[in-house]
Structure formats: structure tokens, C-alpha cells
Amino acid sequence: MRKPLSGLALALVCLLAGAACGPIALAASGAIRNVTTGESFDGLQDALSSARDGDAIEVSGGPYMGNFLIERRVILRGRQQGAERPVLDGGGQGTVLTIRSEGVTVEDLEIRNSGKVDDPFFFWGDAGITLAADGARLANLHLSANDWGIVMLGGRGSTIETSLIGDNRRDGIAIFGGREHRILGNTILRNETGISIDVLHGDRRSPFATLGDPASVARIAEDNAKAQRSEDILVSRNEVRGNGSFGITATWHSRRLTIEDNVVHATGIERKHDAAQMELMEKAVAASLGLSGVGVIDREAIGSGIYVLCSVEDSLVIRNRSFENLGAGIFVSGSDRNEIRANPVTGNQTGIFLVSSNANRIHRNTVADNKAHGIRIGGSNPLATPSSDNMLTLNDMAGNGANAFDSSGRRLTVDDLVGVIDSLPYPEPVKQQLRANRSVREAMLGAMLQSLVPAVTQWDDGVHGNRYDDFDDTAEGFVDASGDGVSETGRAIDGGAAVDHHPLDAPTVARLSAAP
């Protein structure tokens with residue numbers, strides 16, 4: 001399964017290492033006080049280093065320049081002057097604030113100007129805050145102009161809430177191998193990716209840069225086997241607006257996630273996707289393999305509001321408003337047994353997009369006014385494994401370019417592969433032969449086609465299907481002799497052999513969707 005970058009770099013293999021935190025911290029015009037003991041300090045790091053568990057450190061004024069480290073269970077609080085928070089400023093070097101003790105609270109501060117790295121294969125680096133501990137509470141913060149906003153390395157039971165996290169170069173919030181974290185009520189603006197959830201790997205630089213080296217392939221396999229999953233994460237009530245590549249992403253064997261009641265919009269529009277970084281990464285991967293080109297980014301997913309990919313399992317995406325994103329409102333790729341329920345998904349390129357994903361339940365969603373498709377199953381790459389055993393019911397589709405599309409049941413021929421020859425991992429002379437000669441295509445690609453067995457997706461549960469505004473009255477073929485709001489004639493789904501055997505009219509889908 002191909003993975004996109006997180007920010008860009010998120011979706012290949014997210015590789016991590018420990019945070020570098022320098023002790024340098026310059027004095028600033030302001031007050032630093034341990035309110036528990038009554039002591040005052042000239043330097044913030046002095047106050048943090050001398051604190052005991054349970055102490056509260058209060059700062060005002062600033063900016064406080066440097067890199068700061070918390071190794072005690074303390075409260076670090078800014079004392080605002082009007083709307084202005086005290087500022088911690090990394091001066092363009094290192095992570096601004098690193099937390100390595102459990103139970104820490106940080107609130108009412110502005111944190112900015114971490115160090116930055118240009119290497120697109122870094123999946124984690126300097127940040128406004130790096131959290132490597134359990135049970136922290138980060139609240140009412142403003143993080144901007146960092147490489148990453150907040151990086152969470154493992155840990156359990158921390159909360160990030162009511163914070164403004166915007167205009168950071170990579171991810172606003174990046175969770176790696178976290179358990180039971182809560183991301184609540186934040187405003188996440190114009191980062192490369194808004195919120196990302198991934199596994200915690202052993203290295204922070206991806207071995208994809210040297211994929212042609214067998215040792216790199218071995219490291220990937222070993223690391224994947226040992227990597228700590230993210231589990232039981234709650235992402236709720238956040239506004240995620242105008243991020244470049246993706247709004248909210250979850251990837252790489254993360255499970256039991258709940259993504260609920262978020263507003264996700266203008267992805268890839270307010271801030272543009274970093275195409276230069278993507279191209280740089282793809283060229284490096286191709287060079288390592290000795291090829292003229294290779295695709296590692298799923299371009300159909302770029303600009304999606306919510307992106308669930310690469311073996312995310314048993315997760316719930318519910319009641320999110322995902323609208324006016326450059327890509328899909330909700331994109332699910334290579335992920336099984338998830339539930340997509342009661343999401344208003346409007347004004348995107350595609351509403352809900354499913355690729356190579358199995359046993360998901362997609363129901364009670366309002367999917368309207370999307371430019372290309374309302375609900376689409378199957379992407380443009382015919383070599384992708386067809387999705388199977390998904391169930392779609394009680395979705396209300398209206399005003400979309402095409403309400404529904406499903407290619408999972410279609411049997412392909414070698415001629416269907418002509419359009420993807422450029423992306424195949426073959427030298428250019430071989431690609432030229434494939435383009436020009438059908439017999440070569442049959443010989444080389446026939447085995448691929450044999451492995452792509454047509455699959456079945458259910459567009460009804462045997463009693464109720466979905467509503468389509470182009471198939472809900474008699475003139476369009478909707479026949480309801482019994483008057484129960486369910487058509488006795490089915491609706492064929494574009495793209496393959498799928499049929500919704502029990503389409504619904506508008507009042508019926510509204511009534512059934514509102515029921516418990």
C-alpha cells in the first residue's frame with residue numbers, strides 16, 4: 001500500500017527519535033515566579049530545573065528565548081496581559097519546549113520558532129512542544145512558525161485542548177504511538193497537515209530514501225513489526241481549516257480511534273499542498289531504485305478533509321462536517337472494519353472515497369453537492385486491490401456530479417492498464433514496450449490481473465438501501481407500489497456490477513437516519 005507524506009511525510013513510514021533539547025535560554029523582560037514557593041527567577045530554565053513535583057511556575061512578559069525542558073510534574077502557566085500571552089521563542093533552533101515528566105500542565109503561552117529541517121524524509125523533528133510522557137494537559141496555547149506544532153511521542157492519557165495551532169511548517173499536532181490521548185476543541189489552521197495519528201517507529205528518518213538497499217527493506221520490516229500503534233485516541237470538536245495536504249489523518253495500524261464532531265474544511269485551498277516536497281521525495285525514491293520515476297503519493301487523496309489509510313482498524317468517524325475541501329471529504333484507503341456514520345459531507349471534489357478497504361460500514365451520511373462523486377468506491381489505479389464486503393445504507397446523496405460509483409465488481413483487461421504504465425516500477429525501455437505492444441502487456445501484466453479478483457460491496461442491507469436524488473421518483477424508475485418509501489426496483493451503481501436493491505425516497509431516508 002502506498003502512503004503519502006506526513007504533512008507530506010506522514011504516510012510512507014513515520015519514523016521517530018528522541019527530542020534534542022538544548023539547555024540554552026536567554027533572560028527576557030518579564031517575571032518568572034514559582035507561585036508554590038514564592039521564589040522569583042531570572043531564567044525560565046532555572047525555575048523549571050529547581051521546581052519540585054506539584055509546583056506551579058508562572059511567567060509574564062517575554063519573549064523567553066531558547067529551548068526549555070520540563071522534568072518534574074509541574075504547572076507552567078502564562079499570565080496574560082489582555083489578549084497577549086507570554087512567549088517562548090526557540091529562535092529557529094531545536095524544540096522550544098520538551099516535556100519528559102508525567103502529569104505536567106502547560107497553559108496560556110505562545111510557543112513559536114522551533115528549528116527546521118528541509119529533508120522530506122524526516123517524519124518527526126523540532127517542534128513547538130515535544131511531549132514524551134503520560135498524563136499531560138496542554139491548554140489555551142498558541143503555537144505558530146514551528147516545524148511541527150506539537151509532537152506526541154508515545155505516552156498515555158494526555159489532553160490538548162482549546163489551543164490555536166496554526167501556520168506551522170509540517171503537522172499541527174502529530175501523535176506517534178499514543179494511547180488514550182484526547183484532542184479537544186482546538187483550532188488547527190494552515191499547517192501542512194492539521195492532525196496526524198501514526199505509529200511510533202524507532203527512527204525519525206524514513207529508509208524509503210534508500211529503498212534500493214536491501215538493508216533498508218529489512219529495516220522497514222523489522223521496524224514495522226516492533227512499532228507501537230496509536231490506540232484509543234479521541235479527536236473531537238476541533239475546527240481544522242485550510243491545511244495544505246490533509247485535515248485529519250490516521251494511518252499505519254492505528255486502531256479504535258474516534259474522530260467526532262469536528263469541522264474540517266478548505267483543505268488544500270487556503271494553504272496549498274507542498275508539491276515540491278512531494279516531487280523531491282518521489283525522485284529520491286526512484287533514484288534509490290534505479291528507476292526514471294515512481295509514484296509514492298496517492299494524488300487522489302491530496303487535499304482530503306479526513307484521510308484514513310494503511311491498516312487503520314475498528315475506528316469511528318462520526319458527525320464530522322467535512323466540506324469544501326480540495327480532495328475528498330472523507331477518504332478511506334487500505335483500512336478495514338471502520339464505521340463512517342452521520343457525517344455531513346458537502347462541496348468537496350468527492351464526498352466519501354473508498355479504495356482497497358474491506359468490511360467498513362458507511363451509513364446515515366449526508367453527501368451533497370460534491371463535484372465529481374458523492375460516494376465512490378475504487379480509484380483511478382486499476383492495480384489497486386478491489387474493496388470488498390463493505391456495507392452502505394441510509395446515505396442521502398443529492399446534487400453530486402455522480403451520486404454513486406463502484407468499480408470493485410468489475411473484471412479488468414490488460415487494456416485497462418495502459419493509463420498506469422508510467423507509474424509502474426519498471427525501467428523506461430520496458431514501459432515503452434508495454435505501451436506499444438498489447439502482447440507484451442498480456443505477458444507481463446496478466447498475472448497481476450489474475451490476482452485482482454472482482455469483489456462485492458453491498459449497497460443495501462436486504463431491507464433498506466440509500467437515497468439518490470436522480471432515482472427517487474417514478475419518472476426516474478423509482479417504483480413504490482407499497483407506499484413504504486422503498487423502491488421495488490433497484491438502482492444500478494455506475495462503474496461496475498453493483499446494485500442498490502432497495503433505494504429510498506427522501507422522507508424515508510430522513511426518518512430512518514434520525515432513528516436511534
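How many helices and strands does the protein chain have? The protein chain has six helices and 42 strands; helices (H or I, at least four residues) and strands (E, at least two) are DSSP runs, numbered from the N terminus. This is a predicted model, in which local features need pLDDT of at least 70, side-chain atom pairs count only at pLDDT 80 or more, and totals for chains, interfaces and linings use all residues. Residues are numbered from 1 along each chain as its sequence is written, and side-chain values use heavy atoms, with hydrogens and water left out.

**View 1. The whole chain.** Of the 516 residues in the protein chain, 55% are buried. Buried means under 20% relative accessible area, exposed over 50%, and partly exposed in between (1.4 Å probe, protein chains only). The accessible surface comes to about 19,300 Å², and carbon and sulfur atoms hold 50% of it. These areas come from the Shrake-Rupley method with a 1.4 Å probe; for residues, only the protein chains shown count as cover. Among contacts with a separation of 6 or more, 63% link residues 24 or more positions apart. Contact means heavy atoms within 4.5 Å.

**View 2. The sheet of 12 strands.** The sheet is open, its pairing is parallel, and its order is S6-S9-S12-S15-S18-S21-S24-S27-S30-S33-S36-S39. Two strands pair if DSSP finds at least two bridges between them. Strand S6 (68-70) and strand S39 (402-406) are the edge strands, each pairing on one side only. Neighbouring strands are turned by 5 degrees against each other on average, direction ignored. The axes here are lines fitted to C-alpha atoms, for helices over the stretch in contact, and angles run from 0 to 180 degrees between N-to-C directions. S39 pairs with strand S36 (residues 373-377) in the parallel sense, over four bridges. Ile375 stands opposite Ala404 in S39.

**View 3. Strand S24 and its partners.** In strand S24 (residues 246-251), six of six residues are buried. Strand S21 (residues 193-198) runs parallel to S24 and is joined to it by four bridges. Ile197 has Ala250 of S24 as its bridge partner. S24 also pairs with strand S27 (residues 304-309), in the parallel sense over five bridges. Here Thr249 has Tyr307 of S27 as its bridge partner.

**View 4. Val332 in strand S30.** Val332 is found in strand S30 (residues 328-333). Is Val332 buried or exposed? Val332 counts as buried because its relative accessibility is 1%. Leaving out residues up to four places away in sequence, Val332 touches Val308, Ile340, Phe353, Leu354, Val355 and Ser357.

**View 5. The largest nonpolar core.** This core has 69 residues, and Leu76, Val106 and Trp459 have the most contacts inside it. A nonpolar core is a set of buried Ala, Val, Leu, Ile, Met, Phe, Trp, Tyr and Cys residues joined through side-chain atoms within 4.5 Å. Helix H1 (residues 44-50) gives the most to this core, with three residues. Apart from this core lies another, of 13 residues, among them Val199, Ala227, Ala301 and Val355.

View 6. Thr508, Val509 and Leu512 are buried in helix H6 (residues 506-514). They lie on the same side of H6 because they cover an arc of only 95 degrees around the axis. The arc is that of the directions from the helix axis to the C-beta atoms. The buried residues of H6 pack against strand S38 (396-398) and strand S40 (467-468). The face turned away from the buried side carries the exposed residues Pro507, Arg511 and Ala514.
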